[in-house]
Amino acid sequence: MTKPSLPDLLHAAVSAVGGTERPGQVAMAEAVAEAIDDSSHRLIQAGTGTGKSLGYLVPALAHGERVVVATATLALQRQLVERDLPRTVEALHPQLRRRPQFAMLKGRSNYLCLHRLHEGAPQDEEEGLFDQFEAATPTSKLGQDLLRLRDWADETETGDRDDLTPGVSDKAWAQISVSSRECLGATKCAYGAECFAEAARERAKLADVVVTNHALLAIDAIEGAPVLPQHEVLIVDEAHELVSRVTGVATGELTPGQVNRAVKRAAKLVDEKTADSLQTASETFERVMELALPGRLEEIPEDLGYALMALRDASRSVISAIGNTRDKSVHDEDAVRKQALAAVESVYGVAERITAGSEYDVVWYERHDRFGATLRVAPLSVSGLLRENLFADRSVVLTSATLKLGGDFNGVAASMGLAPEGVEGEDVPQWKGLDVGSPFDYPKQGILYVAKHLATPGREGTRGDMMDELAELIEAAGGRTLGLFSSMRGAKAAAEELRGRLDNPILLQGEETLGELIKAFAADPQTCLFGTLSLWQGVDVPGPSCQLVIMDRIPFPRPDDPLMSARQKAVEERGGNGFMSVAATHAALLMAQGAGRLVRATGDKGVVAVLDPRLATARYGSFLRATLPDFWYTTDRNQVRRSLAAIDAAAKADEK
């Protein structure tokens with residue numbers, strides 16, 4: 001039988017989802033197929049509207065071997081599993097003569113644990129265990145959530161938290177879920193045969209396409225215990241997020257509360273002397289943390305060093321002793337022991353890591369008004385981890401709307417451990433970059449306006465001239481504004497100021513769930529939505545409700561950010577430009593994502609306004625502008641107001 005051609009397969013898939021075939025999508029599909037065939041790697045930038053999901057799914061399904069697709073966001077995971085994959089599989093079936101299987105796989109704590117649901121969660125109280133359903137009053141929010149979870153457990157087929165609508169609080173979910181460390185294991189658990197997490201793993205083992213998230217991919221790569229099934233091809237969507245997600249998984253933390261919980265959980269399972277040793281170490285650590293000031297610790301202070309060594313040694317003794325002691329008063333001892341071990345091993349791991357003092361780790365204190373001090377440790381770079389664990393044994397395709405920073409792929413490639421494109425050598429993964437463009441006509445659909453006349457933003461204080469500019473732009477646009485701020489404090493200050501000056505409703509992130517805010521913003525064109533980081537990347541509102549995207553300033557990382565400043569310093573010590581490699585690259589990525597909120601469909605028109613003159617005047621401004629969509633560029637404040645008024649008038653005419 002003749003093998004079906006890729007163009008024919010892509011045409012069938014696009015028709016099935018009611019889409020339009022685009023040249024960029026065809027180019028992407030061909031590049032993915034080529035990478036799969038010759039076991040090489042690709043970095044593919046595919047702008048909004050390209051249809052990149054089908055651009056990689058079609059060649060992946062045609063390939064026939066197992067493919068893992070890792071995404072950063074829940075929304076895209078659901079879209080792939082609930083919409084794109086079912087339709088594509090059906091559309092390709094007549095030509096492929098088979099129906100490829102697909103499955104979703106997440107970390108264990110995303111699934112309801114039947115053992116914990118029925119047996120209760122081991123607690124820190126003296127009685128050791130209590131029925132959380134009895135303890136939470138039915139009238140409390142927690143009690144209502146837990147009762148609803150119990151009912152849901154009888155009807156759900158997946159046990160996946162994301163299938164529960166509406167959702168429940170993290171506190172409620174924690175009562176009926178376990179981490180991989182706390183899990184008893186299917187063979188030792190009375191509910192192992194019915195386990196939702198195990199069922200998800202079994203489905204993944206049988207699937208041709210496994211959809212997962214960046215965090216699980218990172219755990220699979222870093223921890224050496226495979227959680228994903230063997231696969232020939234890895235496709236990383238939203239790949240601009242990967243380094244940040246892997247860094248998050250590779251970051252450890254210690255707090256006095258966390259250590260104290262570990263002490264309480266272990267106390268009944270070891271002899272008194274061993275328990276007292278961990279208790280004493282815990283108290284010493286707590287005293288040190290009471291005096292902790294935020295910031296990086298380039299050298300571990302002597303008092304912290306002693307406290308961590310004591311914690312490490314006492315934790316190690318507890319871990320050794322837990323297996324030998326049985327306390328007859330402890331109900332469901334296996335679960336209690338497993339949870340205690342998980343808590344103590346976590347303390348041991350971080351204490352050991354910091355006392356070992358690797359030059360490749362960054363250690364710092366954080367302080368929260370409500371929760372007190374936290375000690376954190378993170379890798380200076382994850383590029384080596386990714387190079388060794390991601391690119392060694394499979395073909396990898398990395399794709400996103402923003403992979404070219406400053407005009408090329410090398411910055412993103414370097415952050416993932418790849419040499420510049422075209423560099424050859426032993427153990428150097430070979431890759432090619434491809435920008436398939438966008439179906440949108442950016443110079444005709446959008447304007448990039450830089451408010452060159454404003455004062456350069458300082459570190460602190462309100463910017464009166466910026467507030468005036470903001471108000472005038474929103475008035476000219478008739479509302480329709482997404483305000484992206486570099487800090488929550490800035491977003492709040494702008495919302496408070498403009499609510500007193502404008503008639504337009506102004507929604508503020510944090511005052512309602514993000515989903516509800518975006519829905520309200522999309523429903524009323526006169527409304528504005530202000531917020532911070534998650535809005536820079538998480539808003540998809542095509543049409544007249546979003547015709548002005550405002551960035552208050554270039555979103556450089558804070559100068560006192562311990563990890564970013566350490567990474568910048570490390571680049572400088574190697575003779576590179578730390579500011580451009582770290583701070584400017586970070587800002588470019590966010591700005592490209594933020595600017596991408598404006599044009600989401602072929603009929604969209606509007607303005608991206610950056611209220612920071614440095615984008616026009618600073619030497620690095622051209623690097624940042626080269627990362628943004630190719631909008632028509634101006635610094636003329638009168639021109640942009642006329643353009644906004646014209647766009648507003650056209651939108652109002654269409655609304656009639």
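**A walk through the model**

Analyst: I474 is found in helix α19 (residues 464-477); helices (H or I, at least four residues) and strands (E, at least two) are DSSP runs, numbered from the N terminus. This is a predicted model, in which local features need pLDDT of at least 70 and side-chain atom pairs count only at pLDDT 80 or more, while totals for chains, interfaces and linings use all residues. Residues are numbered from 1 along each chain as its sequence is written, and side-chain values use heavy atoms, with hydrogens and water left out.

User: Is I474 buried or exposed?

Analyst: I474 is buried, at a relative accessible area of 0%. Buried means under 20% relative accessible area, exposed over 50%, and partly exposed in between (1.4 Å probe, protein chains only).

User: Which residues is I474 in contact with?

Analyst: Neighbours within four places in sequence aside, I474 is in contact with G479, T481, L498, L502, N504, C528, F530, L548 and I550. Contact means heavy atoms within 4.5 Å.

User: And how many Å apart are I474 and E155 in space?

Analyst: They are 48 Å apart, C-alpha to C-alpha, and 319 residues apart in sequence.

User: You listed I550. What is its bridge partner in β17?

Analyst: The partner of I550 is A609. Strand β16 (residues 548-551) pairs with β17 in the parallel sense, over four bridges. Two strands pair if DSSP finds at least two bridges between them.

User: Which other strand is joined to β17?

Analyst: Strand β12 (residues 446-450) runs parallel to β17, and five bridges join them. Here G446 stands opposite G606.

User: How many residues of β17 are buried?

Analyst: Five of the five residues in β17 (residues 606-610) are buried. In a regular strand the side chains alternate between the two faces of the sheet. In β17, G606, V608 and V610 are on one side, with V607 and A609 on the other, and both faces are covered.

User: Changing topic: which strands form the open sheet, and in what order?

Analyst: The order is β6-β9-β8-β7, four strands with antiparallel pairing. The edge strands, β6 (252-254) and β7 (295-296), each pair on one side only.

User: Now the charged residues. How many salt bridges are there?

Analyst: The count comes to 33 salt bridges, where a salt bridge is a side-chain nitrogen of Lys or Arg within 4 Å of a carboxyl oxygen of Asp or Glu. One of them joins E34 and K432, whose closest N and O atoms are 3.7 Å apart. E34 lies in helix α2 (residues 23-37) and K432 in strand β11 (residues 431-435), so this pair ties together parts that are 398 residues apart in sequence.

User: Where do D237 and K52 lie?

Analyst: D237 is in the loop between β5 (233-236) and α11 (242-249), and K52 is in helix α3 (residues 52-63), 185 residues apart. Their side chains meet in a salt bridge of 2.8 Å, N to O, and both D237 and K52 are buried.

User: What about D84 and R83?

Analyst: They form a salt bridge with the closest N and O atoms 3.2 Å apart. D84 counts as buried at 4% relative accessibility, whereas R83 is partly exposed at 40%.

User: Which residues are linked in a network of salt bridges?

Analyst: E469, E472, R637 and R641 are linked in such a network.
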